[in-house]
Amino acid sequence: MKKILKTLPLLALLIVVSSCSSVRVAADYDKEAKFSDFKTFAFFKTGIDKAEISDLDKRRILRAIETELLAKGFTKSENPDVLVSLFTKSQQRVDVYNNSWGMNGWGWGGFGPGWGWGWNQQPSVSTSTQGHLYIDLIDATKKELVWQGMGTGYLSRNMEKKEARIKEFVTKIMEKYPPGAQQ
């Protein structure tokens, strides 16, 4: 029983850390689109300007998207086959944990005064930011959305980790392009 109580906080921490590190992705697309015809791209400034994130984060995202598209054989062009746009949103998540195991402190118990271990009655509060990144590919000729990838995950406030996290979001999302690519 004591082993279980000792490993329970460690297990909970491991679950929280592992759930924060993954990016969940999904994609939707026009089944009539001929993705093999798309060879060139450009960024759709009008759509990108509407994204409600800092200009620094926009540039980080755009560089990561460009890297992924170039790796897929695309070429950046003034006369593109597809326009790339993005949309972001975020939400603050507040978790309140009650009944954590730990030192109760000094007090009176069944055996008189003293320090004791048990369930703390004060809740602990944790906040995190969950971000959503949508990458849209628009047929430049028809001006129609042909593919949309979406990633959801937790964001970091640390600058070095933030850049790596943005690359992870974009890489995971772009793994879904083209439709039928390795999942």
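Let me start with a term: a residue is buried when its relative accessible area is under 20%, exposed when over 50%, and partly exposed in between, with a 1.4 Å probe and protein chains only as cover. By that rule isoleucine 135 is buried, because its relative accessible area is 0%. We will come back to that residue.

Some ground rules. This is a predicted model, so local features need pLDDT of at least 70 and side-chain atom pairs count only at pLDDT 80 or more, while totals for chains, interfaces and linings use all residues. Residues are numbered from 1 along each chain as its sequence is written, and side-chain values use heavy atoms, with hydrogens and water left out.

Now the whole chain. There are four helices and eight strands. Both are DSSP runs, numbered from the N terminus: helices are H or I with at least four residues, strands are E with at least two. From the N terminus, the order is α-β-β-α-α-β-β-β-β-β-β-α. The chain has 183 residues, and 32% of them are buried. Take contacts next, meaning heavy atoms within 4.5 Å. Of those with a separation of 6 or more, 69% join residues 24 or more positions apart.

What is the strand order in the open sheet of six strands? The order is 1-8-7-4-2-3, and the pairing is mixed. Strand 1, residues 24-29, and strand 3 stand at the edges; each has a single partner strand, so one side of each lacks a neighbour in the sheet. Pairing here requires at least two bridges found by DSSP between two strands.

Start at strand 1. Six bridges join strand 1 to strand 8, residues 144-154, and the two run antiparallel.

Now strand 2, residues 40-43. Strand 2 pairs with strand 3, residues 75-76, in the parallel sense over two bridges. Phenylalanine 41 stands opposite lysine 76 in strand 3. Strand 2 also pairs with strand 4, residues 82-97, again parallel, over three bridges. There, phenylalanine 43 has valine 84 in strand 4 as its bridge partner.

Next, helix 3. Helix 3 covers residues 55-71, which is 17 residues. From first C-alpha to last, helix 3 reaches 24 Å, close to the expected 24 Å. That expected span is 1.5 Å times one less than the number of residues. Its buried residues include Ile61, Leu62, Ile65 and Leu69. What do the buried residues of helix 3 pack against? They pack against strand 2, helix 2 (45-49), strand 4, strand 7 (124-139) and helix 4 (159-174). After helix 3 comes glycine 73, with a positive phi near 95 degrees.

Back to isoleucine 135, in strand 7. Leaving out residues up to four places away in sequence, isoleucine 135 touches Ile65, Val84, Ser85, Trp147, Gln148, Gly149, Val170, Ile173 and Met174. Tryptophan 147 is 12 residues along the chain from isoleucine 135, and their C-alpha atoms are separated by 8.2 Å.

Is valine 125 buried or exposed? Valine 125 is also in strand 7, yet counts as exposed, because its relative accessibility is 57%.
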